[in-house]
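Please walk me through this structure, one part at a time.

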Amino acid sequence: KSFIASEDVNLFGVLGVTFVDDKPKRELLLTGNDDHVVDSFTQFLLEHPDAADLDMAEREDCKDYTQDGMKIRVFRQGNPKGSRKQIAPLLLQHASTMETL
């Protein structure tokens with residue numbers, strides 16, 4: 001929260017990977033203090049055709065979670081081959097369409 005405030009950013013993302021039986025399991029956490037921005041990226045990841053190859057699914061145990069005024073959404077990535085090299089350009093593409101970033 002302090003980083004987001006000090007850097008004046010509306011969205012913060014964390015990509016995580018764990019290995020289960022030598023296979024990567026990827027997750028993406030998005031958080032921010034502007035619900036509209038977080039919800040817009042959520043909709044993009046779940047519904048936009050450009051993001052379909054990532055096969056994102058929102059974790060039910062984290063759905064619509066808010067803490068300290070920060071909305072938090074966590075996604076499981078069904079396509080483990082989609083690395084930051086695929087995800088980052090998609091997020092930047094969506095960011096370029098938004099007015100409030």
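Predicted model: local features only at pLDDT ≥ 70, side-chain atom pairs only at ≥ 80, totals over all residues.

Helix α2 covers residues 35-47, and its 13 residues at 1.5 Å a residue should span 18 Å, which agrees with the 18 Å between its end C-alpha atoms. The expected span is 1.5 Å times one less than the number of residues in the helix. Residues are numbered from 1 along each chain as its sequence is written, and side-chain values use heavy atoms, with hydrogens and water left out.

At the start of α2, the backbone nitrogen of H36 has a side-chain oxygen of D34 within 3.0 Å. Further along, the buried residues of the helix are V37, V38, S40, F41, T42, F44 and L45. Buried means under 20% relative accessible area, exposed means over 50%, and partly exposed lies in between, with a 1.4 Å probe and protein chains only. These buried residues of α2 pack against β2 (23-32), β3 (56-58), β5 (70-77) and α3 (84-95).

S40 is one of the residues in helix α2. S40 counts as buried because its relative accessible area is 16%. Not counting residues up to four places away in sequence, S40 touches H94 and M98; contact means heavy atoms within 4.5 Å.

The next topic is the core. A nonpolar core is a set of buried Ala, Val, Leu, Ile, Met, Phe, Trp, Tyr and Cys residues joined through side-chain atoms within 4.5 Å. The largest one has 14 residues, and those with the most contacts inside it are L28, L30, F41, L45, L54, M56 and F75. At least two residues of this core come from each of β2, α2 and α3. The helix α2 gives the most, with four residues. Leaving aside neighbours within four places in sequence, L45 is in contact with L28, L30, A51, L54, M56, F75 and L91.

What is the volume of the largest pocket? It is about 310 Å³. A pocket is found on a 1 Å grid over the protein atoms alone, as an open set of points where a 1.4 Å probe fits, with protein on both sides within 12 Å along at least five of seven lines; its lining residues have an atom within 4 Å of a point. Grid points are joined across faces, edges and corners, and the volume is the space filled by probe spheres set on the points. The lining of the largest pocket has 18 residues, of which L11, F12, G13, F41 and L91 are the closest to its centre. Two or more lining residues come from each of β1 (12-20), β2 and α3. The largest share, six residues, comes from α3.

L11 sits in the loop between α1 (2-7) and β1. Its relative accessibility is 22%, so L11 counts as partly exposed. Apart from neighbours within four places in sequence, L11 is in contact with L30, T31, V37, V38 and F41. L11 and P49 are 38 residues apart in sequence, and their C-alpha atoms are 22 Å apart in space.

On α3, A88 counts as partly exposed because its relative accessibility is 35%. A88 and G13 are 75 residues apart along the chain, with 9.8 Å between their C-alpha atoms.

Some loop residues remain. Most residues other than glycine have a negative phi. D22, in the loop between β1 and β2, has a positive phi near 65°. With a relative accessible area of 74%, D22 is exposed. D55, in the loop between α2 and β3, also is not a glycine and has a positive phi of about 55°. At a relative accessible area of 47%, D55 is partly exposed.

R59 lies in the loop between β3 and β4 (65-67). Is R59 buried or exposed? R59 is buried, because its relative accessible area is 18%. Its side chain makes a polar contact of 2.6 Å with the side chain of D61. A polar contact is a pair of N or O atoms within 3.5 Å; within protein, one must be able to donate a hydrogen and the other to accept it, and residues adjacent in sequence count only if both atoms are side-chain atoms. Leaving aside neighbours within four places in sequence, R59 is in contact with E27, V74, F75 and R76.
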